[in-house]
Amino acid sequence: MAATAFSASKFTQSFSLNSTRSVDRPPLFPASHPLKTTPSSFLGSTRKLSLSSPSSSTSRRRRRRPSRSPAVVAVSEVVKEKKSKSNVSLSNPLITNEEGLELYEDMVLGRSFEDMCAQMYYRGKMFGFVHLYNGQEAVSTGFIKLLKQEDCVVSTYRDHVHALSKGVPARAVMSELFGKTTGCCRGQGGSMHMFSKEHNLLGGFAFIGEGIPVATGAAFTSKYRREVLKEADCDHVTLAFFGDGTCNNGQFFECLNMAALWKLPIVFVVENNLWAIGMSHLRATSDPEIWKKGPAFGMPGVHVDGMDVLKVREVAKEAIGRARRGEGPTLVECETYRFRGHSLADPDELRDPAEKARYASRDPISALKKYMFENNLASEAELKAIDKKIDELVEDAVEFADESPLPARSQLLENVFADPRGFGIGPDGRYRCEDPKFTEGTAQV
Amino acid sequence: MSAILRKIIAPGGIPAWGIRVIASRTYSSSAGGKEMTVRDALNSALDEEMSADPSVLLMGEEVGEYQGAYKVSKGLLDKYGPKRVIDTPITEAGFTGMAVGAAYHGLRPVVEFMTFNFSMQAIDHIINSAAKSNYMSSGQISVPIVFRGPNGAAAGVGAQHSQCYAAWYASCPGLKVLVPYNSEDARGLLKAAIRDPDPVVFLENELLYGESFPISAEALDSSFCLPIGKAKIEREGKDVTIVAFSKMVGYALQAAEILAKEGVSAEVINLRSIRPLDRATINTSVRKTNRLVTVEEGFPQHGVGAEICASIVEESFEYLDAPVERITGADVPMPYAANLERMAVPQVEDIVRAAKRTCYRSVPVAVNA
């Protein structure tokens, strides 16, 4: 069904670039933005969206497209140019063979891992709140695979796949979910609180919007290190992942303001999957086009098809490059969809099955597979080998987690403080201020 | 929210009640004889810590060009520049979270809240992002951050600017809560807080900023810091223990003077640190005097006094000769009228009366406020 999912032309205005389409023929499948679908297929709201009138003809729809091209100065122009130059994707693939396999492997890892989580949850090995990422893999893979180890990722409670993409071993994540002591946080964090200092994954936050200021702070540190502490090569970028519901939260706007004001090296990635538990994005937001909120604060806002990992990767390259060069933040809205409910406890009754089917046909993994076959980037056998490898990896992770011990009882009271005695008491138990050698004056005032 | 404060502080930058300007700070070689205001003590502590460690930075509203809403950060912008003394927009949740994120990554921010009442807008970050992180990440991510600012009632600022947050923050594991009283406390505790690798909530008091206290040469040394979690016995006594923190220590000392003239010898303990609470010192003192009065400005229910009372009952029950007396602020939002405000906050007479009650001196009315 997704015939030309990765054709370069689809990113912006397909009618101008794809000359084979006649004006009157409707597109092969609905346009990439939900607002442009025919009004009869509703997006979870019984209210018809006033933007597209019920009797919109295809021509009117196409006419509207130019006006809603992303109001981006930097990113979309560059990408548009690139795309228009390579309007025949077959002759100029966007990725190499190795990159393609890497992306494929990462997405399959995310998908298999999450499917295994669901199984384990229903078997009682995992408990509490578990939020799965199926369907959104393109966003995580598209962005995080472009980062260095020192770059930071801050996420929400839907953070398993962000952790995996950033490099946290599957075994560590699975053990953490089982609540075992070999988990990445020794079982003390859980599904919603994945932290890894080594891989610079700064969490895992349960409150939506809570991670955005923390990500802004990490970006602030990067800039501070470069400018005040004079670590000249510190160009670390931070990515903040959050959802459509978060974009109505005050902290989001506060951070857009500060990031643009101080030109912080951060990319705000909105994973707009249209649903906040059971609340449709369209019911909750006065202006549903989130990318527009970027220019209001003085930063570029981009909208990208989040079911297409290559498009996400192109936009990500540009946004991360901007941040690394010190040009400031970018707001990227990725239109994506979660195939499962909000969490494993969510019966997911409010979403229209037709909508789910539509997005299932745009599965990012199948789409990448198709692209790679069409462009002769990989053979069937290679991809099957990767599938097998990932299956074994995930099985191994489950076995490892199963066999790992539960935390010891003494772990309950550990790690509340980094220094439980407090600074004023030295390691020998005596007060530092009473040690005559201590008051030797370290500050030049 | 800061509109009321702006009215009090004239555009010229000099608050209505005046500030004591210390033109030059001379370090005298002889001990004693020097006095320092709490404001200058805090300023000097910040100055020294920022000078010693380049990863310490100060951020908050009006800390830079305005020289600090209460002039605590006076002169720091000129010395350290706008990249280390950062004037933020009015976004408590945003900049507190940002500071926590910076602390995750190795910087040592000092976040100033114009008053701790505004910290309620950022309390999610103080508790969920800062206090709980070391535990949730199992020791991987420590948060060396300090949240400081004036706490408790000032003079006539109304209900939304007068709440005391000691009890709220002290109930949360993962935070250290410090409450300095005099200049030595202010210097020593702030320096310890900045160097501490954990989140510290540093509750100052606006009315104490301008008060001058004697300060020793050791306290003026740039490495001076006080231990966190140890209370100080400000005045020794043998009849009744009065436990207080922040401004109430001053009131307790005055009450002790009055009681001494009537033959009651009061021991005054300056808590200095509410979390961790120095239960050992309080219990030892109560076992000596057998009577306890706790004094605090905050609301009575679930307050600091309640925790101290529980601790005494659990550990020194047989030593008590009289029920523990709790003196707290009135159980109402702070009124504005001056006479009502005076009734809503503990006064010296309340402390004297309570101490006498524990000593079975006859007092006709047991005041509830």
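The exercises below, each with a worked solution, concern a predicted model. Local features need pLDDT of at least 70 and side-chain atom pairs pLDDT 80 or more, while totals for chains, interfaces and linings use all residues; side-chain values rest on heavy atoms, without hydrogens and water. Residues are numbered from 1 along each chain as its sequence is written, with chains lettered from A and ligands numbered from 1 in the order in which they are written.

**Exercise 1. Describe the contact between chain A and chain B.**

Step 1. Count the residues. Chain A gives 58 residues and chain B gives 60 residues to the contact (heavy atoms within 4.5 Å).

Step 2. Take the area. The two chains bury about 5,000 Å² between them, and 65% of it is on carbon and sulfur atoms. Buried area is the accessible area, with a 1.4 Å probe, that two parts lose on being put together, summed over both.

Step 3. List the polar links. Between chain A and chain B there are 20 residue pairs in polar contact, both residues at pLDDT 80 or more. A polar contact is a pair of N or O atoms within 3.5 Å; within protein, one must be able to donate a hydrogen and the other to accept it, and residues adjacent in sequence count only if both atoms are side-chain atoms. The count of salt bridges between the chains is one (a side-chain nitrogen of Lys or Arg within 4 Å of a carboxyl oxygen of Asp or Glu). A:Glu227 and B:Lys83 form a salt bridge, at 3.1 Å from N to O.

Step 4. Assign the elements on chain A. Both α8 (211-227) and α9 (250-261) of chain A supply at least two residues of the side that touches chain B. The most comes from α8(A), with ten residues. Helices (H or I, at least four residues) and strands (E, at least two) are DSSP runs, numbered from the N terminus.

**Exercise 2. Work out the sheet of chain A and the helix on it.**

Step 1. Order the strands. The open sheet has five strands, β1-β2-β3-β7-β6 of chain A, with parallel pairing; two strands pair if DSSP finds at least two bridges between them.

Step 2. Find the edges. β1 (152-154) and β6 (301-305) of chain A each pair on one side only.

Step 3. Check one pair. Strands β2 (residues 238-243) and β3 (residues 266-272) of chain A run parallel and are joined by six bridges. Opposite A:Ala240 stands A:Phe268 of β3(A).

Step 4. Place the helix. Helix α12 (residues 309-325) of chain A packs on the sheet and touches β2, β3, β6 and β7 (330-335); its direction makes about 155° with that of β6(A). Axes are lines fitted to C-alpha atoms, for helices over the stretch in contact, and angles run from 0 to 180 degrees between N-to-C directions.

**Exercise 3. Locate two backbone features.**

Step 1. In chain B, the peptide bond joining B:Arg275 and B:Pro276 is cis, with omega about 0°. B:Pro276 sits in the loop between β12 (273-275) and α11 (279-289) of chain B.

Step 2. In chain A, A:Lys263 is not a glycine, yet has a positive phi of about 50°. The loop between α9 and β3 of chain A holds A:Lys263.
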